[in-house]
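Hi,

Here is the model I promised to pass on to you. Have a look at it first, and then read on for my notes.

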Amino acid sequence: MNTEIIKKLSEAVGIGHLDGAKAVAKEELGKYCAVRDFGSIGLIGEINQNKEKTVMLEAHIDEVGFIVTYVFDDGFVKLKNVGGNDCRILPALPIVIHAKTKTPAVFVSTPPHLNKDNGALSIDDTFADTGLGEKAKEIVSPGDFATFDSEFTPLGKNRICSKSLDDRVAVACLIEVASRLYSKELPVNVVFCLSEQEELGTRGARCASFEIDCDEAVCLDVSFGDAPDVPSSKCGKLGGGAMIGISPILNRKISDKLCLIAKEKEIPHQFEVMGGSTGTDADVISVSKTGIGCGLVSIPLRNMHTCLEVVDLSDLDSVCDILENYIISGGAL
């Protein structure tokens, strides 16, 4: 897996109407297929070999962040969540406000000596400090977006840490799969959908599945990764391989085919069993039009919806191996 692509994708901005991540993905995916930009829907690329059947591979390219709601005279700002940020980490956290110029800011942290409230923190309880004083209003305006300010960092031998690895690592996997497939004779057409606004309610995938004429789909997302305080029954193990989804809303033939490929090819994998909705774009794609058979493959990730998400690169390799073989095999339906 090309970590340089992951670095560029994760450090780019992809919130609201800011299209930095889409520009990176369009350039990289465009090396292997024609890519169309559908604005708030996302990007769509296609390897069209004039086959009767089309398989869609989908991942979302947006990220969680914030939007400025008010700018005070003293340079402090109020923000609202864009997506489900983990507000427990916000005090003293650096962010970048994408205003007239990129403006660094930091969430206020009340000194522990003065903080008598140990309850759960809400975004409504916080302020961010631009340090600009009364000049803040000249640069920052309500409606400006803000993102976590963190750098892509290798962790140990095979792991990486960054903001927005949810779901940019999945986008990187689809680019890698495209690089493996584009020069091969395939039994199916392949559409790569990099959807927007998943963090705001799977909005891009809902629209994209109407635009794309596919016979089946496999969604790629992240899921809970193991950590000392996370029950093993509710997470996947980092380094344990791709998490193949099994759920009543997912097409069983697709799930079984993904499992069979992983087993026969001896690709590391694990299972993610859900009793209903998956919390991913698969939920809306599966009920689009007259119904689209949908599978799900996830990547275990630690510190979800924070500025320091962690994944294991070997899990990305197993995801790519499974998807490549799934397409070469002609899919499941």
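Below are the things I found while going through the structure.

Please keep in mind that this is a predicted model.

I began with strand E12, residues 189-195. Of its 7 residues, 7 are buried, so E12 is largely enclosed by the rest of the structure. Both of its faces are covered: Val190, Phe192 and Leu194 are buried on one side, and Asn189, Val191, Cys193 and Ser195 are buried on the other. Two strands pair with E12. Strand E2 (residues 42-47) runs antiparallel to E12 and is joined to it by 6 bridges; within that pairing, isoleucine 44 has cysteine 193 as its bridge partner. E3 runs parallel to E12, with 7 bridges between them, and here leucine 57 stands opposite phenylalanine 192.

E12 also turns up in the packing of helix H5 (residues 203-211). The buried residues of H5 are Gly204, Ala205, Ala208 and Ser209. Looking down the axis of H5, you will see these buried residues within an arc of 125 degrees, so they line one face of the helix. What do they pack against? Their partners are strand E3 (54-60), strand E12 and helix H7 (282-285).

Next, the charged side chains. The model has 20 salt bridges by the rule used here, and I picked out a few for you:

- Glutamate 211 and arginine 36 form a salt bridge, with N and O 3.6 Å apart. Glutamate 211 belongs to helix H5 and arginine 36 to strand E1 (residues 34-37), so the pair ties together parts that are 175 residues apart in sequence. Both ends are partly exposed, glutamate 211 with a relative accessible area of 38% and arginine 36 with 39%.
- Lysine 137 and aspartate 73 also meet in a salt bridge, this one at 2.8 Å from N to O. Lysine 137 sits in helix H3 (residues 136-139), while aspartate 73 is in the loop between strand E4 (65-71) and strand E5 (76-82), so this pair ties together parts that are 64 residues apart in sequence. Lysine 137 is partly exposed at 41% relative accessibility, and aspartate 73 is exposed at 55%.
- Glutamate 11 is partly exposed at 32%, as is lysine 7 at 28%.
- Glu176, Arg180, Lys184, Asp321 and Glu324 are linked in a network of salt bridges.

What about a charged residue that has no salt bridge? Aspartate 144, in the loop between H3 and strand E9 (145-148), is buried yet has none. The nearest side chain of opposite charge is that of lysine 100, 6.3 Å away. A polar atom of the aspartate 144 side chain does lie 2.7 Å from the backbone nitrogen of serine 141. Leaving out residues up to four places away in sequence, aspartate 144 touches Phe66, Ile67, Val68, Ile97, His98, Ala99 and Ile139.

Most residues other than glycine have a negative phi, and most peptide bonds are trans. Where does the model depart from that pattern?

The peptide bond from aspartate 166 to aspartate 167 is cis, with omega near 15 degrees. Aspartate 167 is part of helix H4 (residues 165-181). Serine 164, in the loop between strand E11 (159-162) and H4, has a positive phi near 55 degrees; serine 164 is buried, at 5% relative accessibility. Glutamate 266 has a positive phi too, of about 55 degrees, although it is not a glycine. Glutamate 266 lies in the loop between helix H6 (252-264) and strand E15 (269-273). Is glutamate 266 buried or exposed? Glutamate 266 is exposed, with a relative accessible area of 73%.

Happy to talk any of this through with you.

Best wishes

Conventions:
Residues are numbered from 1 along each chain as its sequence is written. This is a predicted model: local features need pLDDT of at least 70, side-chain atom pairs count only at pLDDT 80 or more; totals for chains, interfaces and linings use all residues. Side-chain values use heavy atoms; hydrogens and water are left out. A salt bridge is a side-chain nitrogen of Lys or Arg within 4 Å of a carboxyl oxygen of Asp or Glu. Buried means under 20% relative accessible area, exposed over 50%, partly exposed in between (1.4 Å probe, protein chains only). Helices (H or I, at least four residues) and strands (E, at least two) are DSSP runs, numbered from the N terminus. The arc is that of the directions from the helix axis to the C-beta atoms. Contact means heavy atoms within 4.5 Å. Two strands pair if DSSP finds at least two bridges between them. Lys and Arg count as positive and Asp and Glu as negative; His and the chain ends are not counted. A polar contact is a pair of N or O atoms within 3.5 Å; within protein, one must be able to donate a hydrogen and the other to accept it, and residues adjacent in sequence count only if both atoms are side-chain atoms.
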